[in-house]
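Here is a short briefing to read alongside the sequence and the model.

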Amino acid sequence: MNITDLSNLLHTVWTELIETVRHTLATNELAQGGLLIGLLSAAAMSARALPGQLLSRLDRRFTVTLDIQGDDPAFPWLAAWLAAQPVGRHLRHLGVVTRFNEHMGGHNVAIGTDRDGDEITARLVPLSGAALLRFRGHWMLAYPQRTERQGVNHKALGFTHSLTFRMLAGARPIIAELLREAYDFTAGRSDGRVEIYVPEYQNWKLVERRAARPLDSLIYADGLLDNLHTDLDSFFGDREWYAQMGIPYRRGYLLHGPPGNGKSSLVSALAGAFGLNVCVLNLATPDLSDDRLTALLSELPRRALLLLEDIDAVFLGREPRTPGVKLSFNGLLNALDGVAAGEGGRVTFMTTNDLAGLDSALIRPGRADRHVLIGNGTQGQVAGMLRRFWPDWTKAEAGELAARVPEGTLSMARLQEYLLERRADGARVRRDWGELAGVTLATVPCPTRLRLLIG
Ligand SMILES: Nc1ncnc2c1ncn2[C@@H]1O[C@H](COP(=O)(O)OP(=O)(O)OP(=O)(O)O)[C@@H](O)[C@H]1O
């Protein structure tokens with residue numbers, strides 16, 4: 001290579017370098033942010049000479065700071081939102097969140113599927129750094145921060161996280177929009193799953209996040225499902241009317257009938273159909289006191305309906321069934337009346353196998369507006385279940401078998417169990433049918449309620 005070639009090469013490299021820097025500054029928000037942050041830092045350094053009071057007065061007058069602590073529900077919304085912004089993607093210090101909690105739905109990393117076919121997902125959230133971004137026409141500086149907590153003798157207690165947004169004072173009105181957008185981006189997104197919560201002392205703990213059970217996988221007496229669906233639908237559409245009438249915006253349903261006919265499954269499937277989650281509470285929970293129940297019912301997670309299972313389990317009439325019950329009957333009524341009826345409305349389902357054992361005050365309109373009997377299978381339901389297992393059977397074939405089961409004597413759970421055992425052999429079902437039809441088996445033990453609820 002001669003001297004001219006070398007000089008041409010150097011010229012080309014230099015021109016390309018200059019062009020790249022110019023292009024980066026013109027198009028890349030991170031680079032702009034870096035430049036601006038650099039300028040701001042330099043300004044801050046040189047401003048040291050200014051009296052501190054004057055500086056902070058200027059700061060207070062012209063800027064707005066939004067701080068979100070790591071334990072606030074809004075933190076994961078904003079952190080995940082920030083990480084997903086074009087400029088946020090350049091933040092280099094990230095954390096992974098795999099634990100689902102009520103404040104964070106959705107995901108931005110799909111890892112795979114587990115053995116049950118459920119997706120394993122995670123969210124990436126920024127932990128430190130700084131990003132300059134533009135939102136609704138306003139510039140903001142975002143600083144995620146992570147601080148080590150220390151206990152006695154400098155014992156490390158993990159980290160606390162926070163997120164700070166700084167913007168010019170004129171940008172204040174966009175704060176609400178920022179929160180809304182971050183919420184919609186994360187927790188507000190429905191991915192068709194139902195979250196199941198159970199009490200953990202005075203709080204609700206998320207225990208399962210499952211694909212919603214399709215409503216058409218459940219078979220009820222004619223019209224029952226449509227009726228309930230329509231009722232709920234009109235309740236959710238009637239918010240204004242409730243407000244105008246001054247009536248608390250809540251609706252209660254009492255599902256009663258023998259075990260194993262789909263009371264819990266119905267609640268779970270309806271929750272899925274309306275994009276709701278389910279908080280399951282059994283009044284027989286040990287140590288459930290009036291205060292604890294009140295705290296639980298007034299702090300239901302977002303978009304959750306309340307399922308009070310087996311409300312007959314604790315009181316016979318108004319009296320405790322067993323000694324040592326901490327909950328009082330009046331405490332239960334008060335807690336139910338205090339169920340916070342937020343903007344989205346509050347829906348409570350109670351289930352019982354023993355309607356006669358309930359005090360009328362517990363199930364009066366206002367606490368349980370609709371009483372729905374979910375009885376043992378009708379012949380139509382039995383035929384429907386047979387055709388779900390063997391869709392190629394004709395209505396007449398299934399109907400002929402169903403007609404041999406006395407109406408209302410067989411629980412749907414028992415029927416399901418019987419068919420499950422023989423699912424590989426429809427001919428065997430036809431052969432053995434008399435064995436099932438001849439026995440009146442209305443009760444089937446339900447060992448793990450929660451599994452059945454979400455199954
Ligand atoms: N009507 C139905 N249609 C289809 N499957 C049903 C129906 N009823 C019950 N099952 C099946 O039976 C099982 C038990 O149902 P579920 O727990 O919902 O009944 P339950 O009435 O709530 O019983 P319990 O009163 O004991 O809680 C579920 O796995 C469900 O699939």
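Helices H4 and H5 are roughly perpendicular to each other (an angle of 65 to 115 degrees), since they pack at about 85 degrees with their axes 8 Å apart. This is a predicted model, in which local features need pLDDT of at least 70, side-chain atom pairs count only at pLDDT 80 or more, and totals for chains, interfaces and linings use all residues. Residues are numbered from 1 along each chain as its sequence is written.

**The helix pair**
- H4 covers residues 74-84 and H5 covers residues 174-185.

**The nonpolar cores**
- A nonpolar core is a set of buried Ala, Val, Leu, Ile, Met, Phe, Trp, Tyr and Cys residues joined through C-beta atoms within 7 Å; buried means 20 or more other C-beta atoms within 10 Å, and exposed means 12 or fewer.
- The largest core has 58 residues, and Val-278, Leu-306 and Val-382 are among those with the most contacts inside it.
- Domain 2 (193-375) and domain 3 (379-437) both give residues to this core, so it lies between them.
- A second, separate core of 22 residues includes Leu-78 and Phe-165.

**Two loop residues with positive phi**
- Arg-136, between strands E5 and E6, has phi near 50 degrees and is exposed, with 11 other C-beta atoms within 10 Å.
- Asp-287, between strand E11 and helix H9, has phi of about 65 degrees and is exposed, with 9 such atoms.

Key: Domain bounds come from an automatic or database domain assignment. Axes are lines fitted to C-alpha atoms, for helices over the stretch in contact, and angles run from 0 to 180 degrees between N-to-C directions. Helices (H or I, at least four residues) and strands (E, at least two) are DSSP runs, numbered from the N terminus. Angles under 35 degrees count as roughly parallel, over 145 as roughly antiparallel, 65 to 115 as roughly perpendicular and the rest as oblique.
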